[in-house]
Amino acid sequence: MKNILFALFALLSLLACEKTIQLDLQQLDGVLIVEGSVNNQYQPQVVKLSKSRSFGSTGKAPVVSGAMVRVKDDANREFRFVEKEPGLYVSEQAFAGVAGRTYTLLIESEGKSYTASDKMNNIVDYDSLTYRLDEEEMKDPKDSARFYEVLLFVKEPQETEDFYLFNFYRNGKLENDEGRTIYFSEDKLLNGRIDGLPFPIYYAAQDEAKIEILNISRNAYKFYSDLAANLGNDGGMFSGQPANVYTNLSGGARGYFLVAPVATATLQVDK
Amino acid sequence: MKIIATLVVLTLSLGTIFAQNPGSAAKKQYTLSGYIKDAASAEELLYVNVWVEPLKSGATSNTYGFYSLTLAPGAYRLTFSYLGYQNISKEINLDRDLELNIEMQSDAQTLQEVQISDKKADEAVREVAMSRLDVPIAQVKKLPALLGEPDIIKTIQTLPGVTSAGEGTSSFYVRGGAADQNLILIDEAPVYDVSHLFGLFSVFNADILKSAELYKGGIPTKYGGRLSSLLEVSTKDGNARQLEAAGSVSTLAAKASLEGPIVKDKASFILAARRSYVDLIMKQIPDLKGTGVQFYDLNGKLNWKINNNNRFFLSAYAGRDIWKFNDDFQMDWGNKTTTFRWNHLFNERLFANTTLVYSDFDYTLEQNDALEGFRWDANQKEYSVKQDFTWFPSPKFTLQFGYQGTYRQFQPGDIRPNGENTIFKPTKLQARYALDQALYVGAEQKVSERLSMQYGVRFSLFQHLGPETIYTYANASDNVNYTITDSTRYKKGQVIASFANPEPRFAARYQLNNSSSLKFSYNRMVQYIHLLSNSTVPIPFNTWSPSSPYLKPQKADQVAFGYFKNLDKNTWEFSAEAYYKASDNITEFADNANIFFNEHIATEFRQGKSTSYGLELLLRRNVGDLRGFASYTLSKTDVTIPTVNNGQAFPANYDRRHSFNLSLTYDLSPRWSVGGNFTYATGRPITLPTGKYSFGNYEANLYSGRNGYRLPDFHRLDIAATFDPAKNKGRRWQNTWVFGIYNVYNRQNPFTIYTRTKQDDEGNVIGDGTEKEARLVYLFSVLPYVTWSFKF
């Protein structure tokens, strides 16, 4: 439905004209932005801290240094994080998240405390990837030489309520439409078999295609669906009123602490 | 069916009760009654003023063109007056019950020759009703229109007390009410989505409309179910004297209509069709093969007047928008309505009206793809029976009473996969059912020569019915981590939730002198069905929900004061109205609510309060070469919803502080007339980001308050010229050309502001992708148009 709304807005834009304008906006103090995750891979887990900034600002977000960062699970294990680079906090020891466990992030920064929790789901049981040549795309490729379509085969467990986040890579580079598209789905409309679902991007011969499927929690789904709405909002005309994205952080911080298993599949277009 | 049988029995027995002469014990009285119609087409005329001398009192024809006066025996002089028609005076000697049918000549048929009578319509001053505006359909056709398609909704958006969300939209907002708080009726059948092309045009084909009345307050007890307004649109009955065909071709659409007698003066019909032809043009463009945008409207009406005591009509409407994209995606939506009505006159004093109504709104989204193909249907249907009575015991007292029952079905969504290798499974949301009933009584009383009052009450009862499974949530307002603690299965027809409300209504008019009056009105309105939309402008994919255990009925109380003054022998009408409206349980939604295909939408509902107040000034001239109106509205609407905007009050999406409109038509000569619109309004409130933050590769906006900013002001001038090449009295063939320019001085009126990653015109990201920019969208630049229409 959101895609339809976007199509509708795009269609209306055919009639419409638009121009870039300067907004005279209220300036607010930056709030703490958290981008943290724990996945099912045995590796150092990462939490990034930054600050929000004014709408018209340029350059990267200011990072937040000197915070105390820890992750606890519901079996009373605690993992300390150290600041490896400014704003980048990495767990002292590598650890893997365990399915069924809840992880809690605790941050102390500039005299304030923040917490967030999320639960690790079971890993997605995917089947395989294949590729095929898309003849229509080959006739008129958007990017020259990229006309191979990669197809996903996966089983969707029908007995559980699941939410998915997808990341698509081409030769190791994340391709999500330059930060404009998020690929996520809930399973309430899906049947048990996904047979040959094409990736949203095309590949050239010899490209390496990679997909990550994250089985995320309902909270995380809400975060990503709100984020998509936030990025694609038309100013509240046909889409809902612009609003802040859901966060699982308490204490006034924004962002999300994501706990999810990652299933990865890669395929070489060996033509 | 049982309800109908009961009603018929009730109706018949009431006939005998009210046939008794109320004055029989005292002085003998007689009743004068009849129908008032247009002399050329035999079309009934509504709200015609009947003035009785020497009584200095009168009556108004009702919505069926019927009037009734019960008077003491004697000699009277009657004057019938109606806007745009010549007055008719009759001397009568009332010595028995008298039936007097009147035929009035319209000014248009006699061109400019008619001198303006000094006893022209002064009904705005004299009638008790306030906050009621009639839309002059004939004038709407002469006013400039977007792409040459005259549209009453666009004119309604310029009336005092009414705002719009922006040009190119068909929703309107009355005295601080939301778009779903307007009851829009076509021949008494509700229309749920009035938009074509997402609001560029409305579903009302101006060629077949007889009248359109907007009530912003002082709504009669006969009507209920919406908080803010009633828009009552009536279609023509069809010419009962001669066959007539008409048509027109505009930049956008072609229209044709045919009307005529089946049995002269007894039975008539009208058929009308309108179709846009954007898709036919698109078909010629090879790149757009399989892509098309189209809408159509079909109207039909049959009238049968067996005799003065029994009349029937059957009216039907069907309209649809069909949008196709490259043969692989299609969306379409539309309304279907049917009304059957029987007007029955038991005797000269008791008028009854039995109506059966069916209304249906549905939409479909269809995607053709082996994997991701699906068909999505949603609809809502309602079946109504209405039994209305009007009793005229004396010229000083009229009583209206009746019953209305509506059975509603809501199907919010049904998705069926249609691909051979589909990833989807068939999924259907639960259908919802409700029974809506009301009993009403309303009186109009002339207390003295100066004071008249309308008062009454409507008792409404709404029942949300099974079959449905109702979930119990641990915390029903948690839309993320809702936990279902229990569920209850209700059987078919079992009452899930029941709501009853008395809705008192009161209005009074005090005549200061012959040309001015003061008015007051109070009304309470209750709305039991809610539009599931969190956007400013509803879209055709929004469905409705009945009041339920998680959704309380919306309620509003409104008071209004008015001063009405006619100037220069009633050629100018002036009115000033001030209102205050407080609404409770206004339906809103949680931030980023999922309102599409959500089985647990109950967790997204947020209800709160809204207050609005305002001042509306209107100056109108309805006669002569120069006609039109100027209106100014000062208004403010605040909404307070717990958990939305941190519980702080915020301006409603359609809140506009000032709005000014000027609409004029001027007849230069019998052949040429010109028209112009000027509109100005404070920009609508908008939520703009107060910051941004990085998350992965995304740059999300940070907001600190709802509707904290305003779009730049809106203003626009449109002009049109209408040319009648040969207006010969004797000739039946008539044709008209309309030339117009929309947005004459090419104002870039803001439609909305959205934000995106900073990019160039080709869509390539500028910089490192963390920069954002705000884009102002404006719709129509200067747009010329031509419309040609004919009639024979």
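The structure is a predicted model, and every value given here is computed from it.

Chain B contains five helices and 51 strands, and its C-alpha trace spans about 90 × 60 × 50 Å along the principal axes. Because a compact globule of 792 residues would have a radius of gyration near 28 Å, the 27 Å found for chain B agrees with that expectation.

Within chain B, strand S1 (residues 30–38) and strand S4 (residues 66–71) run antiparallel and are joined by six bridges, with B:Ser33 standing opposite B:Ser68 in S4(B). Strand S4(B) is mostly covered, since five of its six residues are buried.

Between the chains, 63 residues of chain A are in contact with 62 residues of chain B. On the side of chain A that touches chain B, the elements that each supply at least two residues include helix H1 (2–15), strand S1 (17–21) and helix H3 (218–232), and H3(A) gives the most, with eight residues. The residues on that side of chain A divide into 28 nonpolar, 21 polar and 14 charged.

Strand pairing also crosses from one chain to the other: S1(A) and strand S50 (residues 772–778) of chain B run antiparallel and are joined by five bridges, and the bridge partner of A:Thr20 in S50(B) is B:Arg775.

Notes:
Residues are numbered from 1 along each chain as its sequence is written. Chains are lettered from A and ligands numbered from 1 in the order in which they are written. This is a predicted model: local features need pLDDT of at least 70, side-chain atom pairs count only at pLDDT 80 or more; totals for chains, interfaces and linings use all residues. A residue is buried if 20 or more other C-beta atoms lie within 10 Å of its own, exposed if 12 or fewer, and partly exposed in between; C-beta atoms are placed from the backbone. Helices (H or I, at least four residues) and strands (E, at least two) are DSSP runs, numbered from the N terminus. Two strands pair if DSSP finds at least two bridges between them. The radius of gyration is taken over C-alpha atoms; the globule rule is 2.2 Å times the number of residues to the power 0.38. Two residues are in contact if their C-beta atoms, placed from the backbone, lie within 7 Å. Ala, Val, Leu, Ile, Met, Phe, Trp, Tyr, Cys and Pro count as nonpolar, Asp, Glu, Lys and Arg as charged, and the others, Gly among them, as polar.
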